[in-house]
Amino acid sequence: MDGSLSVELREVCFGYPGTRLFEGLNWQVLAGEFHAVLGASGSGKTTLLRIIAGLEYPQSGSVWIDQGDVTRSASHLRGVAMVSQSAWTYDHLSVADNLRFAQRLSGQCDSGLQEELVGQFELDKVLGQKPGELSGGQLQRLAIVRALLSGRRILLMDEPLSHLQESLRSPIRGLIRSWQQQRGLTCIYVTHDSQEACELSDTVSLVAQGGILQTGASAEVYRRPRTRVAAELMGRPSVQWFEDFQEGKRFGVRPADWSLMVANPPNSM
């Protein structure tokens, strides 16, 4: 990371009829950063990505990418690639043609890069198949490789592994993180899994209550949550709450910090 801004939202307001998601939101992501966005279902995580990608427009405020105002720019002009929960593919094309088309659109002709990605993401044995013939894990790997071949410097990932079992998710997470670091890409990764956010990210933002509750290094947010909601979002299992009736206060304890207190045996004095 070089300290420059890659994505910035300034005073962004957005909502749907009956629901206000963001009110005067200010938020920044550094260039080359892996930034996890963590929150419960319906908190606005996906909408946040869609605003950055140009698939939704803020009702007020502005969106900046690489220090340029792109608030009203079309999505294909923003230099971002997006991977969603459901893989976007060209179903009439083979896996190989899907990848070739992605690279052709990027203007790149690096066949070595494609071969390396195909091998690492284990797509080499299905290159001749159509997307409809692939398993869920293969489809998501295809969508991720297409995004990496796009040549875009900003990757938006909306829970791309949420439908996969953990044995498949863990190695793919490692590959995504490795490629992001090697290429110096900016990655904004939406998840509802705090463990996944901690494993992957340089920085995590907690989304709830119509905005960003807290942003910081995952260890810092875990140890020093600013609100009760932030404390409950970060960590698995969640923080446990206790009442101090004498002081009239509530305090939270992380299960990982519990220690066993050895009491006297029941029959001892």
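Predicted model: local features only at pLDDT ≥ 70, side-chain atom pairs only at ≥ 80, totals over all residues.
Q: How many helices and strands are in the chain?
A: Helices (H or I, at least four residues) and strands (E, at least two) are DSSP runs, numbered from the N terminus. Here you get eight helices and 12 strands.

Q: What order do the strands of the four-stranded open sheet have?
A: Two strands pair if DSSP finds at least two bridges between them. In this sheet the order is 2-1-4-5, and the pairing is antiparallel. Strand 2 (19-30) and strand 5 (68-69) are the edges, each pairing on one side only. Between strand 1 (residues 5-16) and strand 2 there are eight bridges, and G15 sits opposite R20 in strand 2.

Q: Which residues touch the most other members of the largest nonpolar core?
A: A nonpolar core is a set of buried Ala, Val, Leu, Ile, Met, Phe, Trp, Tyr and Cys residues joined through side-chain atoms within 4.5 Å; buried means under 20% relative accessible area (1.4 Å probe, protein chains only). This core has 31 residues, and L117, F121, I144, L148, L155 and M157 touch the most other members. Helix 4 gives the largest share, seven residues. Apart from that core lies another of 25 residues, including V37, I188, V190 and V207.

Q: Which residues does F121 touch?
A: Contact means heavy atoms within 4.5 Å. Leaving out residues up to four places away in sequence, F121 touches R141, I144, V145, L148, I172, L175, I176 and W179.

Q: What lines the largest pocket?
A: On a 1 Å grid over the protein atoms alone, a pocket is an open set of points where a 1.4 Å probe fits, with protein on both sides within 12 Å along at least five of seven lines; lining residues have an atom within 4 Å of a point. The largest pocket is lined by 21 residues, with V80, A81, M82, R146 and R152 nearest its centre. Strand 6 gives the most to that lining, four residues.

Q: What percentage of the chain's residues is buried?
A: Of the 269 residues, 47% are buried.

How values were computed. Residues numbered from 1 in each chain as written. Heavy atoms only, no water. Buried < 20%, exposed > 50% of the residue type's maximum accessible area, 1.4 Å probe, protein only.
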